[in-house]
Amino acid sequence: MSSSRKAPVVIITGTPGTGKTTHADLLVQESPIPLKHINVGELVKEKGLYEEYDEDWQSYTVDEDKLLDELEPLASQGGIILDWHTCEIFPERWADLVVVLRCDHTKLWDRLEKRAYPLKKIQENNEAEIMEVVLDEARSSYPQEIVVELQSEGTEDLESNVARIVQWIEAWQKDRGQP
Ligand code: DAT
């Protein structure tokens with residue numbers, strides 16, 4: 001349960017390209033409690049937590065059991081940001097705050113083109129953003145009151161979003177009688 005943790009678990013999710021890593025990096029700098037940024041996609045690659053690599057889609061098929069085993073001790077301890085394009089595999093008990101980043105789909109298309117993704121991967125992600133796939137997933141996996149949808153289109157959004165998460169962390173600390 002979150003009550004036994006000294007620091008929260010913040011999930012930052014959203015379609016690829018919506019700004020999860022950019023937000024997590026800034027949040028690490030601004031947070032009043034030390035937070036470790038876990039880029040789950042990178043972790044999967046580094047630790048081999050996948051079943052196979054799909055050349056066509058340029059993506060890994062994640063071994064979910066291995067991934068959850070790897071993350072469990074970190075989540076129990078708290079003080080982490082989980083940065084991934086999906087969130088429903090993370091148990092509800094892990095999550096203190098779930099931030100879903102959103103971006104206008106034409107802007108998202110430009111960001112994904114810069115990554116040199118195959119066209120079908122750009123299309124699939126673009127469609128997922130329009131259909132609010134990640135938002136629906138977050139809303140159906142966690143209590144409504146911990147799921148926050150935030151726009152991530154420019155630097156102003158980035159700064160105000162991170163400021164908002166920092167305020168939330170301060171309130172989380174206060175609720176637990178921490179200084
Ligand atoms: P993600 O981790 O969700 O895949 P990212 O953080 O790597 O996304 O961002 C993708 C690109 O878009 C990167 O060049 C930074 C830019 N970007 C994302 N959100 C932004 C924002 N709110 N303001 C300015 N640039 C942003």
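Start by selecting Arg102 and Glu129: their side chains are joined by a polar contact of 2.8 Å. A polar contact here is a pair of N or O atoms within 3.5 Å; within protein, one must be able to donate a hydrogen and the other to accept it, and residues adjacent in sequence count only if both atoms are side-chain atoms. Before you go on, know that this is a predicted model, where local features need pLDDT of at least 70 and side-chain atom pairs count only at pLDDT 80 or more, while totals for chains, interfaces and linings use all residues. Residues are numbered from 1 along each chain as its sequence is written, and side-chain values use heavy atoms, with hydrogens and water left out.

**Stay with Arg102.** Colour strand β6, residues 97-102, and you'll find Arg102 in it. Helices (H or I, at least four residues) and strands (E, at least two) are DSSP runs, numbered from the N terminus. Is Arg102 buried or exposed? It's buried, because its relative accessible area is 9%. Buried means under 20% relative accessible area, exposed over 50%, and partly exposed in between (1.4 Å probe, protein chains only).

**Now the cysteines.** Select Cys103, which is buried with a relative accessible area of 5%. Then pick Cys87, also counted as buried, at 1% relative accessibility. How many disulfides does the structure hold? The count is 0, a disulfide being a pair of cysteine sulfur atoms within 2.5 Å. For Cys87, the nearest cysteine sulfur is that of Cys103, 18 Å away. Cys103 is likewise in no disulfide, with the sulfur of Cys87 as its nearest, 18 Å away.

**On to the ligand.** Show the ligand and the 15 residues that surround it; the closest are Gly17, Lys20, Thr21, Thr22 and Arg115. To count as near, a residue needs one of its heavy atoms within 4 Å. Zoom in on Thr22: an N or O atom in its side chain is 2.5 Å from an oxygen atom of the ligand. At Gly17, a backbone N or O atom lies 2.8 Å from a ligand oxygen. Next, click Ser152, where a polar side-chain atom is 3.1 Å from a nitrogen atom of the ligand. The ligand taken alone exposes 550 Å², and the protein buries 74% of that; accessible areas come from the Shrake-Rupley method with a 1.4 Å probe, and for residues only the protein chains shown count as cover.

Which elements give two or more residues to the shell around the ligand? Colour α1 (20-30) and α7 (155-175) to see them. The largest share, 3 residues, comes from α1.

**Two loops to finish.** Most residues other than glycine have a negative phi. Gln58 sits in the loop between β3 (50-54) and β4 (59-62), and counts as partly exposed at 38% relative accessibility.

Then jump to Ala116, again not a glycine, with a positive phi of about 60°. Where is Ala116 found? Look in the loop between α4 (105-114) and α5 (119-130). Ala116 counts as exposed, because its relative accessibility is 58%.

**One last stop.** Select Leu43 in helix α2, residues 40-47. Leu43 counts as buried at 12% relative accessibility. Draw a C-alpha to C-alpha distance from Leu43 to Leu112: the two are 21 Å apart in space and 69 residues apart in sequence.
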